[in-house]
Amino acid sequence: MKRWIPEGKRGVIRIGLVALLFGSMAGSFAHLQAQTPDSLLKRCATMDQLDREANPRVYDSFLRTQQVITEQARLRKHARVGETESVRIPVVVHIIHNRTDGAIGGSGNPNITKEQVESQLRILNEDYRRLPGTPGENSHPAGVDTQIEFFLAELDPEGGLTDGITRNLYTQKSSFSTSTDRGLLAQIKSWPTDAYLNIWVCTLTANYLGYAQFPSVAGIPGLDDSQAGAAVTDGVIIDYRYFGDTGAVTGNLYNRGRTTTHEVGHWLGLLHIWGDARCGDDYCDDTPWAERSNETGSCDDMFSNCKGAVTQNMIENYMDYSPDRCMNIFTQDQMQRMHTVLGISPRRVLLVENSKRARLEETPRLQVSIYPNPVQDQRLTADVQFTGFDDISVAILDVQGRVRDTTYYEKTWSRRITREIAGLTRGIYFLQINTGSNEKVIRRFVVN
């Protein structure tokens, strides 16, 4: 078992050179930030915010949280728990921007496109599921499919349909601090953090790429669920220029969406691969000891001499600071740790349960049932069940076969759907469901 070594890099506050050189030029700050060289960027603010000297109570609580997670992960492992159940996590992306003209997309525009958001969700699933034929695939003997998936939320907190993206105009600030503006970002927009993984995408100050809030464990003062403030800010913050791999993404080192993969790892309880200290502990026995992070800007092999033995660093691990192109591994112990967090951290536990609201059991063949029928309250409700994870299209037709409404759901599980039908007059209609695997079912319903 590795031993936790708290001393090291934590609590060091670094000031970006670009901010020092150009801080007085507020009018062109956003443009200058867009030109920040990769060498001046700081990959992750998560551990920098856990300043032991500034707030020893919170830091000590953090250490105790890690110990609880480690003990529970050990018990889970020794209990020989069967095959890990796949977990699907609903995500809401809050885009925070200052574009009064409402323009979407383009270089230097924090009001990023839906395509850029979707690219990041694709990358998360490639990485966490070790998907074959993608950059997340690896043949490393320590690499695993974590059995954790992410999808843009399909229902908002009120139960209405959503694409999982909110756009929020905020003109009082053009950039946000990971240390002082977390509450402000949550105030601008936040969905319940026990039902969604909230990701705030904005412009960050001090050259940081991202930040994540570590999971809480009940009963540990400082990081437990009794703190309403911690509940509101629970989530991940990413600079828009390093979110996904298309659109406004910039730079050469961090342009493949792995910043979000890294920060979500923190949100799920993972520590940096080097334990934020020389030969520090990340509480995962199958990650090699490392003297330091990989901030070289290259994918060249690195070696460490810890505990009297020379070992090769796992620079390809998502929890290092390596360039995006190097990364493609989560290990078995890292997976075990993340699933342990999903099982014991109060908000994470509720989130997993809440994610099942729209999900139904699978069936061998496509099945569709409408209720009540005749339809009431100008809302059509139908259970659509099929095998696996598929695309579905939902069409409403009249008796002449004319399409009156069509909705598409990309990559979804069996689910309950609702459609507003206030525009339909009294009469007989048909609900037609098509799947991406070429199954089709038509059901008749009546509007009174």
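Two strands pair if DSSP finds at least two bridges between them. Helices (H or I, at least four residues) and strands (E, at least two) are DSSP runs, numbered from the N terminus. What you have here is a predicted model, where local features need pLDDT of at least 70, side-chain atom pairs count only at pLDDT 80 or more, and totals for chains, interfaces and linings use all residues. Residues are numbered from 1 along each chain as its sequence is written, and side-chain values use heavy atoms, with hydrogens and water left out.

Let's start with the sheet. Four strands form an open sheet in the order β12-β11-β14-β15, with antiparallel pairing. At its edges lie β12 and β15, each of which pairs on one side only. Between β14 and β15 there are eight bridges in the antiparallel sense; glycine 427 has valine 447 in β15 as its bridge partner.

| Strand | Residues |
|---|---|
| β12 | 403–412 |
| β14 | 427–435 |
| β15 | 440–447 |

Now to the helices. Helix α8 (residues 332–344) packs against helix α9 (residues 346–354) at an angle of about 85 degrees, with their axes 5 Å apart. Axes are lines fitted to C-alpha atoms, for helices over the stretch in contact, and angles run from 0 to 180 degrees between N-to-C directions. In contact (heavy atoms within 4.5 Å) are Val341, Leu342, Gly343 and Ile344 of α8 with Pro346, Arg348, Val349 and Val352 of α9.

Which residues of α9 are buried? They are Arg347, Arg348, Leu351 and Val352, where buried means under 20% relative accessible area (1.4 Å probe, protein chains only).

Methods
Buried < 20%, exposed > 50% of the residue type's maximum accessible area, 1.4 Å probe, protein only.
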